[in-house]
Amino acid sequence: METNLCVAGFGGQGVMTLGKFLAEATCNSTNKNVTFFPSYGAEQRGGTANCFVVISDDEIGPPLGDEMDNLIVMNGASLSKFIGSLKSEGTLFINSSIVKDKIERKDVKVVEAPVTELAIELGNTKVLNIIMLGVYIGYTNVIDPKIIWETVEHKLSSKPKLLPLNKQAFEKGLEIGRDQR
């Protein structure tokens with residue numbers, strides 16, 4: 001089985017971090033093959049950013065990004081740019097706090113999560129990507145949530161004060177994803 005994911009948004013929304021956490025957790029804790037391919041716009045913070053993560057039981061070719069199983073969009077510009085790459089019957093994950101565009105495609109599943117609003121409620125907008133990571137994992141179950149959390153915990157181990165907030169954000173995302181399955 002192979003799963004192709006594109007994560008897209010503005011620089012500063014944690015798009016690359018979300019992709020890296022997923023790729024590293026899968027690579028370090030499973031027998032699956034993983035590819036992570038980042039792409040930055042002209043500006044880092046505030047410009048466009050996207051990454052592709054491919055998880056497969058078999059060898060992986062180059063992540064072309066022309067046909068994705070799953071698409072996470074954190075802003076409207078990313079929706080416009082990447083919606084055409086989502087396979088029929090694929091799943092579209094939307095940051096509904098920012099993406100207000102009507103989804104015209106009827107051949108895809110849509111999972112909406114107001115991750116920016118939730119991050120503000122939690123007191124730090126920097127955790128919106130962790131919420132969305134939880135939504136994705138909770139909905140797809142592509143990898144055990146415990147493995148993902150262990151990776152996040154390891155990556156943030158030098159900043160232990162951030163762990164409780166990130167754990168709360170991840171758990172909230174898992175709940176939203178599971179509820180929309």
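Helix H4 (residues 128-140) and helix H5 (residues 145-155) pack at an angle of about 160 degrees, and their axes lie 10 Å apart; here axes are lines fitted to C-alpha atoms, for helices over the stretch in contact, and angles run from 0 to 180 degrees between N-to-C directions. Helices (H or I, at least four residues) and strands (E, at least two) are DSSP runs, numbered from the N terminus. H4 and H5 are therefore roughly antiparallel to each other, where angles under 35 degrees count as roughly parallel, over 145 as roughly antiparallel, 65 to 115 as roughly perpendicular and the rest as oblique. The contact (heavy atoms within 4.5 Å) is made by Ile130, Leu133 and Ile137 of H4 together with Pro145, Ile148 and Val152 of H5. By class, this contact of H4 with H5 has 6 nonpolar, no polar and no charged residues, with Ala, Val, Leu, Ile, Met, Phe, Trp, Tyr, Cys and Pro counted as nonpolar, Asp, Glu, Lys and Arg as charged, and the others, Gly among them, as polar.

The model is predicted, so that local features need pLDDT of at least 70 and side-chain atom pairs count only at pLDDT 80 or more, whereas totals for chains, interfaces and linings use all residues. Residues are numbered from 1 along each chain as its sequence is written, and side-chain values use heavy atoms, with hydrogens and water left out.

H5 also packs with helix H1, at an angle of about 110 degrees and with the axes 9 Å apart, which makes H1 roughly perpendicular to H5. On the H1 side the contact involves Phe21, Leu22, Glu24, Ala25 and Ser29, and on the H5 side Ile147, Ile148, Thr151, Val152 and Lys155. By class, the contact of H1 with H5 has 6 nonpolar, 2 polar and 2 charged residues.

An open sheet is formed by 6 strands in the order E2-E3-E1-E4-E5-E6, with mixed pairing; two strands pair if DSSP finds at least two bridges between them. Strand E2 (33-40) and strand E6 (109-113) stand at the edges, each with a single partner strand, so one side of each is left without a neighbour in the sheet. E2 pairs with strand E3 (residues 48-56) in the antiparallel sense over 8 bridges, and Phe36 stands opposite Val53 in E3. Helix H1 (residues 15-29) packs on the sheet, where it touches strand E1 (2-10), E2, E3 and strand E4 (68-73), and its direction makes about 15 degrees with that of E3. H4, in turn, lies across E1, E4, strand E5 (86-95) and E6, running at about 140 degrees to E5.
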